[in-house]
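Please examine the sequence and the structure shown below. The paragraphs that follow lead through the surroundings of the ligand and then through some features of the backbone.

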Amino acid sequence: MALPPTVQWLPREPSVFIIDQTLLPSELHQVHLRSVAEVAEAIKVLRVRGAPALGCVGAAGIALAAVLSSAADTESLCAELAAAYEVLAATRPTAVNLFWALNHMRRLWSSWTGDLPGLVAALGAEAQAIIDDDLQRCRCIGRHGAELIPDGGRVLTHCNAGALATAGYGTALGVIRGAVEQGKKIHVWADETRPLLQGARLTAFELAADGIPCTVLCDNMAASLMAAGFIDCVVVGADRIAANGDVANKIGTYNVAVLCRYHDVPFYVAAPFSTVDFALDRGNQIPIEQRGAEEVSQLGGFSAQAVVPKGVEVYNPAFDVTPAELVTAIITECGVARAPLGESLRRLSRA
Ligand code: MRU
């Protein structure tokens with residue numbers, strides 16, 4: 001079964017059309033987001049999530065703001081776009097792809113010298129180009145990464161870095177898809193990924209749709225699997241990579257990287273260059289999103305069944321930072337970066 005695209009820009013509706021990921025795996029339902037406020041809400045509650053997908057939906061949100069505007073001249077439109085930028089930028093702080101895409105759009109409107117309808121059309125075309133480009137980058141990541149995965153490989157992943165987290169194909173799951181397309185037999189072990197279960201709900205869903213064998217485990221089971229020799233490598237995505245190669249990704253990724261070091265299992269990160277933030281020297285400068293207590297205190301995050309007594313404090317950072325020294329390689333659309341990761345990333349980014 002082929003999944004519909006994660007994010008579509010529909011200029012004629014006009015709307016941003018997404019899969020509502022909060023309903024998966026029970027329901028595959030697409031929703032039209034018809035205002036910047038609806039786009040922002042969808043990002044905040046994770047109807048659409050995953051770093052590259054946030055870039056795509058952010059760009060489409062700006063295109064939507066332009067189409068909906070009744071501004072009489074480019075100057076007034078630019079003021080409205082700047083306001084839309086602020087609303088979208090205030091949604092989630094960690095994935096740099098959102099800011100990368102928003103800044104891309106802002107460069108376009110702030111350097112525009114043509115007329116108003118031309119700018120509206122150009123912003124729509126740019127949003128579409130960002131979506132198309134992300135899909136191509138993921139396919140390249142898949143081709144480069146596939147070389148690292150052995151035939152018969154048993155690959156553990158954390159969270160969802162798949163088609164649902166990108167314009168399609170995925171980063172970490174793109175590597176797995178690339179290996180499968182090379183004819184390799186692959187088995188995926190998917191961490192359920194507490195608290196919102198992106199691994200159980202989303203990774204397992206899209207792998208099942210593709211017919212790629214997958215087993216879901218609770219996050220606290222990976223150590224014993226590795227000790228038993230059942231994992232050949234780990235591939236995860238990233239929300240932001242600092243210039244030195246430190247990697248922010250879904251909370252729990254760091255635990256997996258530590259386990260890999262102890263058990264001598266390669267730990268790979270797959271991400272496009274839109275995820276690399278060369279402006280930050282180290283991972284401790286990456287802003288980490290703190291999310292609501294109910295995501296931990298209620299079962300599955302979205303349901304109402306309490307699993308923590310009322311009044312008890314809850315800790316819920318959405319991401320953690322894995323130090324570069326624990327990362328075996330970063331798989332990008334331009335090739336594979338290895339230690340020293342900072343130097344290697346800079347070299348690849350110029351290639
Ligand atoms: O909170 P989420 O679901 O947006 O977190 C997503 C992740 O951590 C992914 O691993 C990351 O964005 C990479 S997606 C290709």
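What is the space taken by the ligand? It is the largest cavity, where a cavity is a set of points on a 1 Å grid over the protein atoms alone at which a 1.4 Å probe fits but cannot get out. A molecule sits in a cavity if more than half of its atoms lie within 2 Å of its grid points. The model is predicted: local features need pLDDT of at least 70 and side-chain atom pairs count only at pLDDT 80 or more, whereas totals for chains, interfaces and linings use all residues. Residues are numbered from 1 along each chain as its sequence is written, and side-chain values use heavy atoms, with hydrogens and water left out.

Around the ligand there are 18 residues, of which R49, R92, D239, N249 and K250 come nearest; a residue is near a molecule if one of its heavy atoms lies within 4 Å of it. By class, this shell holds 7 nonpolar, 7 polar and 4 charged residues. Here Asp, Glu, Lys and Arg count as charged, Ala, Val, Leu, Ile, Met, Phe, Trp, Tyr, Cys and Pro as nonpolar, and the others, Gly among them, as polar. Domain 1 (7–139) and domain 2 (144–349) each give at least three residues to the shell, the bounds coming from an automatic or database domain assignment.

Individual atoms can also be located. A polar side-chain atom of D239 lies 2.8 Å from an oxygen atom of the ligand. For Q198, an N or O atom of the side chain is 2.9 Å from a ligand oxygen, and for G50 a backbone N or O atom is 3.0 Å from one. Taken alone, the ligand exposes 420 Å², and the protein buries 100% of that; such areas come from the Shrake-Rupley method with a 1.4 Å probe.

The backbone has its own features. Most residues other than glycine have a negative phi, and most peptide bonds are trans. The peptide bond from E13 to P14, however, is cis, with omega near -20 degrees. The bond from L24 to P25 is cis as well, with omega near 10 degrees. T193, although not a glycine, has a positive phi of about 75 degrees.

Key: A polar contact is a pair of N or O atoms within 3.5 Å; within protein, one must be able to donate a hydrogen and the other to accept it, and residues adjacent in sequence count only if both atoms are side-chain atoms. On a 1 Å grid over the protein atoms alone, a cavity is a set of points where a 1.4 Å probe fits but cannot get out, and a pocket is an open set with protein on both sides within 12 Å along at least five of seven lines; lining residues have an atom within 4 Å of a point.
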